[in-house]
Amino acid sequence: MSVPRPPTTPTPPDQGAGPRYPLVKRRARVIHRLLTGALLLAAATTAAAPPAAGAAARAAGAAAPAETRVDVDVRAGLATVGDVALGVNHAIWDSQLGPPAVSGLLQDAGVQMVRYPGGSYADIYHWRDHSAPGGYVAPNTDFDTFMAGARATGAQPMIIANYGTGTAQEAADWVRYANITKGYDAKYWTIGNENYGNGHYGSAWEADEHADKSPKEYAATVIAYAQAMKAVDPSIKIGAVLTMPGNWPDGIVGAGDESSWNQEVLTRAGSVIDFADVHWYPGGSTPAETLTKSSHIPEAVNLLRQQIDRYGGQPAGRIGISMTETNVEIGRNTQPGALFLADVYSGLLAQGVFTVHWWNVHNGLGDVSTVAGETDYDDYGLLSSGNCNADGSVCQPPLNTPFAPYHALSLMGDFARTGDRFVGTGTDDASVSTHAVRRANGDVAVLLINKDEAEPRTVKLNYHGFTPAAATPSVSTFANGDDGVTTAAAGTAGTQTLAPYSITLLTLHPARTDAAVPAAPAKPSATTTDRTATISWPAGPAGLKYEVYRQNGGVSELLGETTGTSLTVRNLEPGRRYTVNVLGRDTAGRLSPSSPPLTFTTGTPATSACTVKLRDTNDWGNGFVGSIDITNNAAAPVNGWTLAFTWPTTWQTVSSGWSATWEQTGRTVRVTSDATLAAGATVSAGFVGSYSGPNALPQVFTLNGTVCTSV
């Protein structure tokens, strides 16, 4: 079973790598939850009385809401929602894995994929005799029962083959039983769960009987599993365990390894896998801090995509990304968990992650507290386990009562439907998150999340490339303390009021529907220099004029128009990431949907008066030692120099530096020296950097104002 790990504690470079997780305490707490759930489940039929309804509490004495601008741009196309987008985890220690009541609730929420047999339990689970030595296996949780529940839910399975204590033959036999004997057509299989947690990096929560616990051994075994499993059914998809950028042990190089876990696994086994499987428990000491973590998603997914494309083999992009576990540390059953779920599922799916799974359907009572005025049971589950603490003084709500995150998942089922295309949004208020999709019928659905626990917001919505109908839109809302989602016609397409700590979904019809709009252009490609990008795309029907847009928050920038199939864009910034879409307009002025997005990064000058090389020489998961080499390529010496660079994110800083004077203002770092840098000479300087999210290294450096070549 997997549970979130606490945030890592900064570890100095000379003390080795890895977080200091309280593993004994965590495992004892998990076992206590499982045993109390198994013993007391049938007896627990009552719950702590819920507080007064949230809607009533909000009604009295509300102040005038603050005003927030939101932009929705349908020209800025992001990822398309697939048929397994919304997922959850099932576990063999959950006696409620199979009942119709559970599959009915999951089906009602729109769940499309269910994962089995339960996180870390997968690495001790043997499917043939339905056993997990050292763990608890509940009755009626065998594979066939799981598949019956998956089919009743209308969901596809994601199955974890036992890497830790199993064999390739055991996994191949499971594929044969599932798809040949039973005809379940189980398509997605991952090899193990969080296998980097096997002690190789100093922390050991994952079972692993291999003498060699390195990523090299994991990669070799993935190859053996994949070959054996695909020999039985070549149509299945195989996933390998990677780590999410910004999450331990991302960036760490273990003893005896040549590189990090992700690089080692992708380089060695990338040719045989179909997707990378990652987990994300971003932590946070308060709900407010946790709810900022969704801002890490674009950078984290981009870094992971870069790793996959660089090390995983060709063709680039063939390896997908699944996020099969996520949850929060505080407010798991209350509104913080709900807001996090809606924001994170949307953010990940928009960036092209093909499935996102909540941990877990049921998990059990933990430390009871009050969060935002509501009782929180510290339960990772979407649904109540109905159990009590050891002395029976505190009990959860009745069995299978939905917690707040379940209602958020239900809203996601209404929002992100198979075939919908996420589109760009933007807001001027950090407390309001926005997401939007364009449906095949031309409708636009907008998801608005107010993360302010105390204050409402009046949202002014502005649309680009879309004109909504004048009719009052249908609005679905889930706010703090509510018993479920409410839906009614409310507000206008241009103005909505968001309750504190709420999720709001509005569905808009277009003012007019053109039946014969051009089809969306195919995905473009690009060739780049430091200042230009030539963007090309396949030709569409004759007579189209193409418009190329650069995504820019919720308002795209038109880069140019052409009747051809390529456009060269100039005056770009070196080392900057751009995302563009191509749209076609016919002679009647009708605009197509956007092409799939293309993201590219410009380079640095091929030749320059200076060259800079930055290396991460020692990483420990939330900090690293950086080394910078600066070469003077000019014919004359440089008498005194200033090197400048800008961190890609707000969560990266220089803690200290040497061999020069280091100063950081905002995200910009300046490194100065009075020394002379001779023609053709190289000087080195170093620093300790810290980060609390994905660590994207800077790509562009200037020396006395000149942009250098980066190598």
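Where is the place of Pro117? I found Pro117 in the loop between strand E3 (113-116) and helix H4 (143-153). Helices (H or I, at least four residues) and strands (E, at least two) are DSSP runs, numbered from the N terminus.

**Ground rules**

I am working on a predicted model, where local features need pLDDT of at least 70, side-chain atom pairs count only at pLDDT 80 or more, and totals for chains, interfaces and linings use all residues. Residues are numbered from 1 along each chain as its sequence is written, and side-chain values use heavy atoms, with hydrogens and water left out.

I looked up the peptide bond from Tyr116 to Pro117. This bond is cis, with omega near 15 degrees. I then turned to Gln314 and Pro315, which are also joined by a cis peptide bond, with omega about -5 degrees. Pro315 sits in the loop between helix H9 (297-311) and strand E8 (320-326).

Next I checked phi. Asp378 is not a glycine, yet its phi is positive, about 55 degrees. I place Asp378 in the loop between strand E11 (374-376) and helix H11 (404-415). Is Asp378 buried or exposed? At 9% relative accessibility, Asp378 counts as buried. I use buried for under 20% relative accessible area, exposed for over 50%, and partly exposed for in between (1.4 Å probe, protein chains only).

Asn704 has a positive phi too, about 50 degrees, and is not a glycine. I found Asn704 in the loop between strand E34 (702-703) and strand E35 (706-707). Asn704 counts as partly exposed because its relative accessibility is 44%.

I noted these sites because most residues other than glycine have a negative phi, and most peptide bonds are trans.

**Entry: helix H6**

I checked the length of H6 (residues 215-232). The helix has 18 residues and should span 26 Å at 1.5 Å a residue; the end C-alpha atoms are 26 Å apart, which agrees. The expected span is 1.5 Å times one less than the number of residues.

Which residues of H6 are buried? I listed Pro215, Tyr218, Ala219, Thr221, Val222, Tyr225, Ala226, Met229 and Val232. Seen down the axis, the buried residues of H6 fall within an arc of 165 degrees, so they line one face of the helix. The arc is that of the directions from the helix axis to the C-beta atoms. An α-helix has 3.6 residues a turn, so residues three or four places apart point the same way. On the other side of H6, I found Gln227 and Ala231 exposed.

I then looked up what the buried residues of H6 pack against. Their partners are strand E4 (156-161), helix H5 (168-181), strand E5 (188-191), strand E6 (237-241) and helix H7 (261-269). Contact means heavy atoms within 4.5 Å.

**Entry: an open sheet**

I traced an open sheet of 5 strands, in the order E30-E33-E28-E27-E36, with mixed pairing. Two strands pair if DSSP finds at least two bridges between them. The edge strands are E30 (652-658) and E36 (709-710), and each pairs on one side only. E27 (residues 610-619) and E28 (residues 623-632) pair in the antiparallel sense over 9 bridges. I found Asn632 in E28 as the bridge partner of Cys610.

**Entry: whole chain**

I read off 11 helices and 36 strands for the protein chain. Of its 711 residues, 57% count as buried. The C-alpha atoms fill a box of roughly 85 × 65 × 55 Å, taken along the principal axes.
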